[in-house]
Every structure is written in structure tokens, then in C-alpha cells.
Amino acid sequence: MATATSLSLHGHGLGLPSPTAKTPARRLLPVTVRAMAPASPSKGEAAAVECSPSPRRQVLVAGAAVAAAALVSRPAPAAFAAADGKFMPVIDRKAGYSFVYPFGWQEVSVQGQDKVYKDVIEPLESVSINMIPTTKEDIRDLGPPDQVAEALVRKVLSPPTQKTKLIEAKETDIDGRAYYTFEFTAQAPNFTRHALGTITIANGVVAGKFYTLATGANERRWDKMKDRLHTIVDSFKIETKV
């Protein structure tokens, strides 16, 4: 069932371009996102807290301290990755999705893709997203993660001349919506691309869309890039009903 679905997707022109294909870059203006630091209490306020004999005040202060410690120790969500200046956010309300990409990557125009960002020096380092209509309401309607990912990798996300290998595929849940995320390699005669992908379906029946986000890098740079690529995939989210 997954193979038939993938062939249908391939027929809609979702095949990714060859990693060596040249595409014109559109110049973007860099944007710096600064995180606001919380204001420190004044000396008078600190003294009032320390000297207050109220048990209720002490409980509130202790609770606030515990909450603050939890926030400090908790890893920052991928959705806020842009705040450290290493990633740039993409929020497309009309298309109904958001994600982040590494600072310095440039947007390029690629036929059949809704958006593509890539490194101008390392052409295999890129992220692309596309959408096609679907009558399905949930990504799980297409089959289990490994079968759907395997068919998508072989038939859509890699040229037919490349040897592919699915490393992992799993289901995740974000705000009650199912996503399939997967990792794979695509081997060409002179390079191997190590890639990640995530797919989901929004709405369905009347105005449903099948979303595919894929990102990757040359195998020789995988260890250096994998954390950033995982951040890209983890940041992808459907924002609105489309």
C-alpha cells in the first residue's frame, strides 16, 4: 500500500532535484533575533522578600525558585531555536507551516518545491518542503512509518540511480497531530547524502495537504551537521488548518 501511495506522490512532481543541480539564489536580508533577559529585582524588593515573615510569601518564593530551576534545566524547544541567532524562522501562515533553518543558508528557487534553503558552499546541505493535495485525513492512513518512509525515500526523495537505505522511521505527536520522521542515506557514485525527513497530513477530505520536509548533508559532514539537521526536522509544525 505504501508503494502505491508513493508512486502517486511521485506522479505529482515531488521528486527532489539532483544535489548537483544549480539554481538561482535570491538574496535575503539577515535578521537577528534577540532574546529578552528577565529584569532583576531591585535591592528593596529582594530585601522585602528575604525579610518577610509571611509563611505564604515564603511558599510562593520557594515555588517560583523551583519553577525557575526547571526552566533553566529544560532543553529549549526547537520552535525557539531561532532565538540564539544560529537559526532563522520560516512561518508561512497561508501554506500553514513553520520551521527553522541554519543562519547563513540562502533561499533558492526549485521547481516543484514550495521552499528551499541551502548552504552556498556545501550544496548537499539544504532543506526543502513541498505539499500536494490529498483526500487522506491522517498520515497513519497511508500505512506504518517504516513502509511509508521506505517508499517515499526510494520513489520521491532520491533519484532512481542512487542506492538508498532507510536507517530509522518513527511516529511522533505534536499538538495531537501525527508526524512520521525518518533518517536515510542515498548513495551516488561520488558522494553519499545522509538525510532526515518528516511528513504529515493537515485537514483532509476537502482541502487536505500532504507535507514533506527533507534536509541533509554530505556523509563526510554528518557528525558536524546532524544536530542542526535534527533541529530543522524537530521544528517543523503545522500552524493552521489549510
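**Close-up views of a predicted fold**

**View 1. D175 in a loop between two strands.** D175 lies in the loop that joins strand 7 (163-174) to strand 8. Helices (H or I, at least four residues) and strands (E, at least two) are DSSP runs, numbered from the N terminus. The model is predicted, so local features are given only where pLDDT is at least 70 and side-chain atom pairs only at pLDDT 80 or more, whereas totals for chains, interfaces and linings use all residues. Residues are numbered from 1 along each chain as its sequence is written, and side-chain values use heavy atoms, with hydrogens and water left out. D175 has a phi near 55°, a positive value in a residue other than glycine. Most residues other than glycine have a negative phi. With a relative accessible area of 64%, D175 counts as exposed. Here buried means under 20% relative accessible area, exposed over 50%, and partly exposed in between (1.4 Å probe, protein chains only).

**View 2. A169 and its neighbours.** A169 belongs to strand 7 and counts as partly exposed, at 24% relative accessibility. Although A169 and F182 are 13 residues apart in sequence, their C-alpha atoms are 4.1 Å apart in space. Leaving aside residues up to four places away in sequence, A169 touches P145, D146, A149, T181 and F182. A contact of this kind means heavy atoms within 4.5 Å.

**View 3. Aromatic rings that pair.** The whole structure holds 8 aromatic pairs. The rings of Y97 and Y211 have centres 6.2 Å apart and planes at 75°, so this pair is edge-to-face. It links distant parts of the chain, with Y97 in strand 3 (residues 97-102) and Y211 in strand 10 (residues 208-218), 114 residues apart. Both residues are buried: the relative accessible area is 0% for Y97 and 0% for Y211. The rings of Y179 and F236 also pair edge-to-face, with centres 6.2 Å apart and planes at 85°. That pair, too, links distant parts of the chain: Y179 is in strand 8 (residues 177-187) and F236 in the loop between helix 5 (222-235) and strand 11 (237-238), 57 residues apart. Y179 is buried at 2% relative accessible area, and F236 is buried at 1%. Ring pairs link Y97, F99, Y101, Y117, Y179, Y211 and F236 into a cluster. By definition, rings of Phe, Tyr and Trp (its six-membered ring) pair if their centres lie within 6.5 Å; planes under 30 degrees apart count as stacked, over 60 as edge-to-face and the rest as tilted.

**View 4. The largest nonpolar core.** This core has 25 residues, and those with the most contacts inside it are Y97, F99, W105, V127, L229 and F236. Two or more residues come from each of strand 2 (87-92), strand 3, strand 6 (126-134), strand 9 (192-202), strand 10 and helix 5. Helix 5 gives the largest share, 5 residues. Apart from this core lies another, of 18 residues, among them I139, L142, V148 and V153. A nonpolar core is a set of buried Ala, Val, Leu, Ile, Met, Phe, Trp, Tyr and Cys residues joined through side-chain atoms within 4.5 Å. Not counting residues up to four places away in sequence, F236 touches Y97, S98, F99, I129, I174, Y179, T198, T200, Y211 and L213.

View 5. Three strands form an open, antiparallel sheet in the order 2-3-11. Strand 2 and strand 11 are the edge strands, each pairing on one side only. Two strands pair if DSSP finds at least two bridges between them; strand 2 and strand 3 are joined by 6. V90 has F99 of strand 3 as its bridge partner, and M88 stands opposite Y101 in strand 3. The hairpin of strand 2 and strand 3 has 4 residues between the strands, and in it G96 takes a positive phi near 90°. Helix 5 lies across strand 2, strand 3 and strand 11, at about 170° to strand 3. Axes are lines fitted to C-alpha atoms, for helices over the stretch in contact, and angles run from 0 to 180 degrees between N-to-C directions.

**View 6. Confidence along the chain.** pLDDT is the predictor's confidence in each residue, from 0 to 100. The protein chain has a mean pLDDT of 75, and 63% of its residues reach 70 or more. Among its elements, strand 8 has the highest mean pLDDT (98) and helix 2 (residues 43-51) the lowest (37). Over residues 1-79, pLDDT stays under 50. Where pLDDT is low, the predicted coordinates should not be read in detail.
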